[in-house]
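Thanks, everyone. I would like to take a few minutes on one model, beginning with a single pairing and then moving out to the interface.

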Amino acid sequence: MNAMREICPADQDYRPPAGYFDKPYIYVSNYEQPVAAVPGTDPRAGLDFPNIQVPLKGDSEFILRKIWHYCPSAATRFLPYTPQGNQIASAPLAPTNMAIAPEMRFPPGGACAFDVVSWSSNDIPCGPNGEPHIFHTQFLFQGVRRFQGGAGEVYPRDSGYRYKEVPFTYRYNLPVTWPYLVFEGGVVQYNNLIKEPDRTDFAVQIQNYDFELLWCTCILTRSAAVNDQVVEGPNDNFKILLFDPDDRAISSDYIYIDAINFHTWPGNPGTTGVGVNTTQAGFPVPGILYPRGSYIRFNVRSMLWDTNTDGVPDIDTPAVRPFVLYFGGVRRVPC
Amino acid sequence: MDRTLNPYGNDALNGVLPGSPPGCLDVYHDYVFNVSLTASQVLDGQVRSIDTDSDFLLRGFVFASTANFSVRFSDAQGFYLSDQKILSAALSGDGGRPWVFFPEVVYPRGGAILIDLTERGAVPNTVQLVFRGVKRFTNR
């Protein structure tokens, strides 16, 4: 028997067991550490951290299908564990995103555990001299939470009417006007190392028809002289916390926008600007149904830094980062 | 309609079941081979041994390296899976899209993957090869 053939073809959906339904979810191990000019280094740098655990919610199983490790140094190694506590690999792995196939089933209230060897993190050099720093990294565990449901309960939800599916995209202009550190009177307050509060309650209203969200993309728009570019990587952009129509977050913490940015897919057509990215983002899977009149709600955490190193303690030129978010999927048009 | 598939997500994200044969349990596993090569070094006949607790079904391959290299592997009988070494640029360093072995290659418990390597960057090269697949545990 060749298990490659167990992969569901496009006309045969994966289905949870009878009596259960799956919701997309990302469990996050998040690290953000502001550090002053002295000592100026990440206190974890180069150290080993065995058995870091991301606790799982007690109301549902977690089906793990993908792991990301955002790390700037190839010398850092990462070793996740199976639900039974066995090593996933014979030795720690170089930083990567990895598809987990076949999927792994973690029990309710369990934990996604992993080791880190020779820790390293990304760096936001905030000030005119590249100091202070915000050291940050994330470990993301993507999959679905499996709930016990009533007979016939499915996810994404049924609309309750006959419909045809029509592709549709919502656009949201998101000017990020604040940096990671507290920003007062046009000046970043470097000395206090206090994080600027996250901005909450951004929302896109779903109009006319039910909408099934299938992908998200983020673009940074520029002046006419510079190509717009796909937002990629953990630095110089923002983190997002996305909510379902029941106002439940679909990740356990803020995640880099890069992690759900569908158009960072290598070779994806229709993008201009720099680089490719290998996160292979695909979120949410399965899709999420937002009923007509509901909102795609999200919160934003700025991860902006001073890229022009011009000694001016502002966030960048331009001082506003004009991001554009696209929420794509299908409309359910009655027929 | 109760479509659960997200056509924008890849197969893994949409869910791949173990597909274990009766009496078996397949569990995701990576066998890792770390090596440091000197500039232009040819390093043939390396061995990545397979654990004795279960057979290993090789389905994918990814790598991380600090420079280019070329490589070839063998099956469990020692027969190579390519007639020459393959340039790393032709393989996949992207963990989300491994280089695929199809059909899968079975290594019995206690077996080995033979590995031939050549450093091609003319610089010291730290290489990690990751053999991705499943461990097949049996009840027998």
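Predicted model: local features only at pLDDT ≥ 70, side-chain atom pairs only at ≥ 80, totals over all residues.

Let me start with Lys239(A), whose bridge partner in E16(A) is Tyr256(A). Residues are numbered from 1 along each chain as its sequence is written, chains are lettered from A in the order in which they are written, and side-chain values use heavy atoms, without hydrogens and water.

Strand E15 of chain A, residues 238-242, is joined to E16(A) by 2 bridges, and the two run antiparallel. Strands here are DSSP runs of E, at least two residues, numbered from the N terminus, and two of them pair if DSSP finds at least two bridges between them. In chain A, 4 strands make an open, antiparallel sheet in the order E12-E18-E15-E16. Its edges are E12 (199-205) and E16 (255-256), each of which pairs on one side only.

Now to the interface, where contact means heavy atoms within 4.5 Å: chain A contributes 54 residues and chain B 43. How many salt bridges does the rule find across the interface of chain A and chain B? The count is 0, taking a salt bridge as a side-chain nitrogen of Lys or Arg within 4 Å of a carboxyl oxygen of Asp or Glu. On the side of chain A that touches chain B, strands E3 (61-70), E5 (97-106), E9 (163-176) and E13 (210-220) each give two or more residues, and E5(A) gives the most, with 8 residues.
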